[in-house]
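I opened a new notebook page for this structure. I wanted to know what it is built from and how its parts meet.

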Amino acid sequence: MTLRSRPDRAIRRTVLVLGAVGLTVIATGAALNALWLLGIGVWAVIAAMSIELVYRP
């Protein structure tokens, strides 16, 4: 078992926050029937997934 360093935790926290914000914006966009909010939310989730795929500690 290894201890994660601070940058690893910061990236993990960034990915989780970006994903949560993206999903919240998607849900809000779906509730308000606003495609621009859906688009912003989808791009936030795509960014979170890209960071997770590229940054593998």
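My entries below go from the whole chain to single residues.

**Ground rules**

I am working with a predicted model, where local features need pLDDT of at least 70, side-chain atom pairs count only at pLDDT 80 or more, and totals for chains, interfaces and linings use all residues. I number residues from 1 along each chain as its sequence is written, and side-chain values use heavy atoms, with hydrogens and water left out.

**Entry 1: the whole chain**

I looked up the secondary structure. The protein has two helices and zero strands. I take helices (H or I, at least four residues) and strands (E, at least two) as DSSP runs, numbered from the N terminus.

Next I checked the overall spread. The radius of gyration is 14 Å, well over the 10 Å that the globule rule gives for 57 residues, so the protein is more spread out than a compact globule. That radius is taken over C-alpha atoms, and the globule rule is 2.2 Å times the number of residues to the power 0.38. Along its principal axes the C-alpha trace spans about 45 × 15 × 15 Å.

How much of the protein counts as buried? I found 19% of the 57 residues. Buried means under 20% relative accessible area, exposed over 50%, and partly exposed in between (1.4 Å probe, protein chains only).

I also looked at contacts, meaning heavy atoms within 4.5 Å. Among those between residues at least 6 apart in sequence, 48% join residues at least 24 apart.

**Entry 2: helix α1**

I compared the length of α1 with expectation. Its 27 residues should span 39 Å at 1.5 Å a residue, and the end C-alpha atoms are 38 Å apart, which agrees. The expected span is 1.5 Å times one less than the number of residues.

Which residues of α1 are buried? I listed D8, V15, G19, G22 and G29. The buried residues of α1 pack against α2.

I stopped at D8. D8 is buried, with a relative accessible area of 16%. Its side chain makes a polar contact with the side chain of Y55, at 2.7 Å. A polar contact is a pair of N or O atoms within 3.5 Å; within protein, one must be able to donate a hydrogen and the other to accept it, and residues adjacent in sequence count only if both atoms are side-chain atoms.

**Entry 3: the loop**

I went on to N33, which sits in the loop between α1 and α2. Most residues other than glycine have a negative phi. N33 has a positive phi of about 60 degrees although it is not a glycine. N33 is exposed, at 69% relative accessible area.

**Entry 4: helix α2**

I ran the length check on α2, residues 35-54. Its 20 residues should span 28 Å at 1.5 Å a residue, and its end C-alpha atoms are 28 Å apart, which agrees.

In α2, I found L37, G41, A44, V45 and A48 buried. They cover an arc of only 95 degrees around the axis, which puts them on the same side of α2. The arc is that of the directions from the helix axis to the C-beta atoms. The buried residues of α2 pack against α1 (6-32). What does the face turned away from the buried side carry? I noted the exposed residues L35, W36, W43, L53 and V54.

I picked L18, in helix α1. L18 is partly exposed, at 25% relative accessibility. Leaving aside neighbours within four places in sequence, L18 is in contact with A44, A47, A48 and I51. L18 and V45 are 27 residues apart in sequence and 6.7 Å apart in space, C-alpha to C-alpha.

I then picked I26, also in α1. I26 is partly exposed, at 23%. Not counting residues up to four places away in sequence, I26 touches L38, G41, V42 and V45.

**Entry 5: the salt bridge**

How many salt bridges does a search of the whole structure find? I got one. A salt bridge is a side-chain nitrogen of Lys or Arg within 4 Å of a carboxyl oxygen of Asp or Glu. The side chains of R12 and E52 meet in it, at 3.4 Å, N to O. R12 lies in helix α1 and E52 in helix α2, so the pair ties together parts that are 40 residues apart in sequence. R12 is partly exposed at 37%, and E52 is partly exposed at 26%.
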